[in-house]
Amino acid sequence: MTVAPPHPSSRSTVKSLLRLWPYVRPARWKLIGSTAATLAATVSGLVVPLVIQKVIDGPIAHRDGSALWPMALAVLGLGVAEAVFFWLRRTLTSRSMARVEAAIRRRLYTHLQEQPVAFHDKWQSGQLLSRASNDVSLIRMFLNFMLIFLIVNAATFGIGIGVLLVKQWLLGLIVLASSLPMLIFMIIFEQKYRVATRRSQDQAGDLATVVEESILGIRILKAFGRHRAMERRFSTLARELRGTELYKIRLLAVMWSGMILVPEATIAVLMVLGVHMVSSGTMTTGALVSFFSIVMYLRWPVLSMGFLLAGANDTAAAADRVFEVLDSENSVTDPEKPALPASRAANGADAGGLLRVEGVRFRHPDAPEGTPDLLRGIDLEVRPGETVALVGATGSGKTTLTSLVPRLYDVTGGGITLDGTDVRDLTRSQLRELVSVAFEEPILFSASVRENVILGYQQGTDAEVRRALKVAQAEFVLDLPWGLDTRIGEQGLNLSGGQRQRLALARAVVARPRFLVLDDPLSALDVHTEALVEEALRHVLATTTALVVAHRPSTVMLADRVALLEDGRITAVGTHSDLLASSAAYRHLLSSADLGGSRNEEREAVK
Amino acid sequence: MTTRGPEQASTVDDADGPDDPFALQELPEEQSAPRAGWRGISPESAHADDALDNEEEDGAEALDAAALSTTDADERARNSRALLRLLIGPYRWKVAVCVLLAVLEQVAMQAGPLLIGLAIDSALPSLRHGDGTPLLWMAGLYLLCGAATAGSKALFLRTSGRVSQGMLLTLRQKIFDHAQSLSLDFHEHYTSGRLISRATGDVDTLRQLMDEGLDGLVTTFLSFAFILVILFTQDWQLALIVIAGVVPMWFTTRWFRRRSRFLQRKIRTAVAMIIVQFVETMNGIRAVQAFRREPRNLEIFDELNDRTARLNGDSMITLARYTPALKLIGNTTVAVVLVVGAFRVAGGGLELGVLASFLLYIRRLYDPLDQLAMFLNAYQQAGAALEKVADLLARRPDVPEPEAEAVRALPAASGTGREIAFRDVEFHYTPEVPVLPSFELTIPAGQTVAVVGATGAGKSTLVKLLARFYDPSGGHVRLDGVDLRELPNAELRRNVSMITQESFLFSGSVADNIGLGKPDATREQIEEAARAIGAYDFIAAMPEGFDTDVRKRGGRLSAGQRQLVAFARALLADPAVLVLDEATSSLDIPSERAVQHALRTVLADRTAVIIAHRLSTVQIADRVLVMEAGRVVEDGTPQELIAGTGRFSDLHRAWEESLV
């Protein structure tokens, strides 16, 4: 049901995190500055107990009031310094880490927009979404907070132990020795936790997928009263996710108790030894107090290692998920040396418009082995200015063939040329400027009517938009409350199917492309509107090379010639009446004799 | 509906009281941005101008704003707190256990320095006198405390983990169920991206709060209380100094909470907008690529993304001011305690050991403050998210299930469909624009009725009322004499099925998708339904037949094939009333022929309403209604109407001519 991508579990946490470097690089000085500030803050925090020890051993023990003041001021000064360093630490990274997050998210978005349709067929959008939102924010939180603390706490621990060693080498060595069991502990924990965290993130992505589907398919769920079933499916996934999270928590619980127990046991040992040393005179009381106060100070950095490590694991898994998407190779790329569209390159004249499909074969990249190609050697020529209708049974590959022209997919054999230039020798941008498509199922965006019509053709003027709307008989939008500025909502749901289809047609013609590919563009229109659209469309088609997928005789009538697609090949080309006369398959597909009334049958009989 | 310009937008501050200087100084930077941008104007955004909204975000969140126009920020906060209480409710005993465990953990942990102080003050002198037992006692006790801390911490984590995961599960299910139960009207305005963001991103903030917060909060407060108690028992005068330090901390915290809440609200909105943009791009990727929309999309995305980054930056800067402020106050207190303590030790009023352990404690008092700040931040974030979720959950379905006592049973099925009656039905989305001004219609059981008419004539509305996607604004829609509003949803859906022009497929196999019509259907029944509608052959020819995964949203099936699957699904449901809303538009002629052939048998013993712009479908109808501007203008058998001189006759002639 859900496609879980392969686990690259072999990659280590550090390696995964290092891959983030290019995004972190612009902020590296701030990150270093922030780490330095944190260290400085830690050092000032660490020095305070030393000064306090001096105060206790010196002025207080000697009842020396005059010596007290400068030392108290020193304590205050260090306190202020600690606060200032704290402020610096956060202030330095606050903005830049937010920008790092934005940069990663932007990279993902750009990459996904670039990916061919085949990629999007394969990936569930909920999975993509959870990577672009949750995983990326996780990365920011780690960089902004945890990473610094991971470094600083490790450093604090190191420095602290150094200070302890200098003050009292024996006791210091004991503290140092205690870190060994903790290290082993952390390594074991890390391995288990890593797997669990990846699983929970994948499950969260699956959950997002179900949410998305259930919302996009709400009409059907409601119409069949099936939302309970969907709720059960959601509930099952949500419970699985909870199970994984609880497992993570159990791991964490073990981790925490270990991280508490080892240092506490060490302190108990230190206590016995330390007091012995004071009583035997090898150490002063003040030295012991300050020793303990440093040990206490180190308790938090040690404890925090547990959840910082967990955070590092979460982030590494999140980074893996992000890079899994970013690593996917784009199979539909721009050529290194793009050709210039032929006719324009030749003499500047704009006379071109020859579309040639030669020996085109196509199969979906993940089609099971042993199944035949969907398209098996298509040959078709559409001459400049000509309109060819493509007729074939449901599922024969007509739509697929049309998506090959603007390279939504790439052919797996043969080639498609525009004025002699292979579509793969043009940049996608050039190509899609030359070719416009009207999809049968129009996708509208939550944006104004104008934005929906022009889409990528941003230089489009209102006059051009109006012209396109006129061609598509979609001028009803001008009567909407705010005219072209009216937002047509989510997927244009508040427009009828016919209205949406007309807008999609307007979209295809607005930029006056040289090649037009129309996928059953009038299927949702009523007879009256269809006639009007056809009339207006004829003017456009007169000067445009067009390939039109047709299910109906009325649409076929727009074309100069008709091509019949059967079993992945073009089996017949000719005018509508030629094919009606010569091809039984064509008659089967397009003769609406038993659909229409008696008059039609009469007409057939006359022919 | 009146068009209001951006200049009329009022500037009601929705988050902060006027006593928050930061909010007023820094935030309204984008206020003057033009409203009528690429997103266009929607009724909601136009309306929201009168209510509140000082944000550039326009309609995407304006619906939220409009819905909240009568409430205020306090109420929003109240709603989110009420939701939190509701979520915690079932776990109150576990929460109590958590608090107990946290107390235990704190007792055990805070005893540490005390024991060290004792070791220095009492065990050390005994040792000097040759008695090592007290020291060993202290060390043993210390170890015991350590074990108790570790044990209670582990138990606490597991218990609180169960609580928080349970709450998250409940919240996720609540959002999901609620979204499913809300009417289509709601779904048509609350974009799917925003709903997705509520169910994923917003819930995720709560998860973060639970993961890091609950733990930190309890620990922080308890350790605070504990240390204060210990400090007071050790020396109340020094303890008073510590208390004095808490006062400025409290004020700082208040400032932080307000500022942070304000920012977090904006962040949740901004994040939702990114998700909307993301989801729309990915779902419309074909159109995006074919029409070279990528650069423009990136422009829009950049704007949203940068805004979120800026707000996130603002929020972290706020935290960057708050934490050191706490630190500063804490450190100053330490210095003051040191000086005062030193004088008192010098004067003989205080033990040296007491001062030493006092100073140790104070440091521990302030250590978790950083954590407290993080918690508060997470809390504000979750609070803002919960507000949005609570608002969503507060929406009542416009098409509610009937109350148990209002439920009426349908008469036993006659086997020939059911009678449909529209009585005085009036329907409008906005009162000024009635879609159906006054509609009267009776369809006897077993009749097949075709409804034709131009776009906007009210055909689809008729169908939506019949399927109870909406309730009429006035009058009644009755099924065998029972008002649809008195029928439980499950009962209604068993009796009325609908095939629409959009044929969304869910991920899963073809069989799963057909089986949606009848959850307990056997494979034979599923295949039978497919065969009846002429879909069997193409499905069987697919790589894995009926088990073939349709892939994401059925990208692999052609539009016509998807429509056939939708037909099979509806047939399998075997309803008494079947509604076809332009359901054959993508079919080619042979498929349509097969479908019509099947329909002749299938519709024989049920009531059917067919909306069609292709008159071919009308051929199988017993009766044709021609609608115009929400009224029936012609009503009769197809033969009668064709023979007549009305609109249908014209349409029919035009259509026949188009067939050649």
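1. Helices, as the term is used here, are DSSP runs (H or I) of at least four residues, and strands are DSSP runs (E) of at least two, both numbered from the N terminus. By that convention, A:Gln459 belongs to the loop between helix H14 (449-454) and helix H15 (462-471) of chain A. The structure under review is a predicted model, and all of the remarks below should be read accordingly.

2. Chain A comprises 607 residues, of which 63% count as buried. Its secondary structure consists of 21 helices and 12 strands. Of the contacts in chain A with a sequence separation of 6 or more, 77% are accounted for by residues 24 or more positions apart.

3. Chain B has 660 residues, and buried residues make up 63% of them. The chain contains 23 helices and 10 strands. Among its contacts between residues at least 6 apart in sequence, 76% join residues at least 24 apart.

4. The largest nonpolar core has 280 residues. Its largest share, 24 residues, is supplied by helix H10 (residues 285-327) of chain A. The residues with the most contacts inside this core, however, are B:Leu206, B:Phe422 and B:Ile514. The surroundings of B:Leu206 can be given in detail: with neighbours within four places in sequence set aside, B:Leu206 is in contact with B:Leu84, B:Leu87, B:Leu168, B:Leu171, B:Ala382 and B:Leu386.

5. How much area do chain A and chain B bury between them? The figure is about 17300 Å², with 64% of it on carbon and sulfur atoms. The contact involves 181 residues from chain A and 178 residues from chain B.

6. The rule finds 7 salt bridges across the interface of chain A and chain B. In one salt bridge, the side chain of B:Arg293 meets that of A:Glu451 at 2.9 Å, N to O. On the side of chain A that touches chain B, the largest share, 30 residues, comes from helix H9 (residues 227-279) of chain A. That side of chain A divides into 87 nonpolar, 51 polar and 43 charged residues.

7. In sequence, A:Gln459 and A:Ala511 are 52 residues apart, while in space they are 9.3 Å apart, C-alpha to C-alpha.

8. Two residues of chain B deserve a check of their backbone geometry. B:Asp574 is not a glycine, yet its phi is positive, at about 50°. B:Asp574 is placed in the loop between helix H19 (559-573) and strand E7 (577-581) of chain B. With a relative accessible area of 48%, B:Asp574 is partly exposed.

9. The other residue is B:Ala629, where phi is near 45°, a positive value in a residue other than glycine. B:Ala629 lies in the loop between strand E9 (623-628) and strand E10 (631-636) of chain B. B:Ala629 counts as exposed because its relative accessibility is 57%, and the cut-off for exposed is over 50%.

Methods:
Residues numbered from 1 in each chain as written. Chains lettered and ligands numbered in written order. Predicted model: local features only at pLDDT ≥ 70, side-chain atom pairs only at ≥ 80, totals over all residues. Heavy atoms only, no water. Core = buried A, V, L, I, M, F, W, Y, C linked by side-chain atoms within 4.5 Å. Buried < 20%, exposed > 50% of the residue type's maximum accessible area, 1.4 Å probe, protein only. Contact = heavy atoms within 4.5 Å. Buried area = accessible area lost by both parts, 1.4 Å probe. Salt bridge = Lys/Arg side-chain N within 4 Å of Asp/Glu carboxyl O. Nonpolar A, V, L, I, M, F, W, Y, C, P; charged D, E, K, R; others polar.
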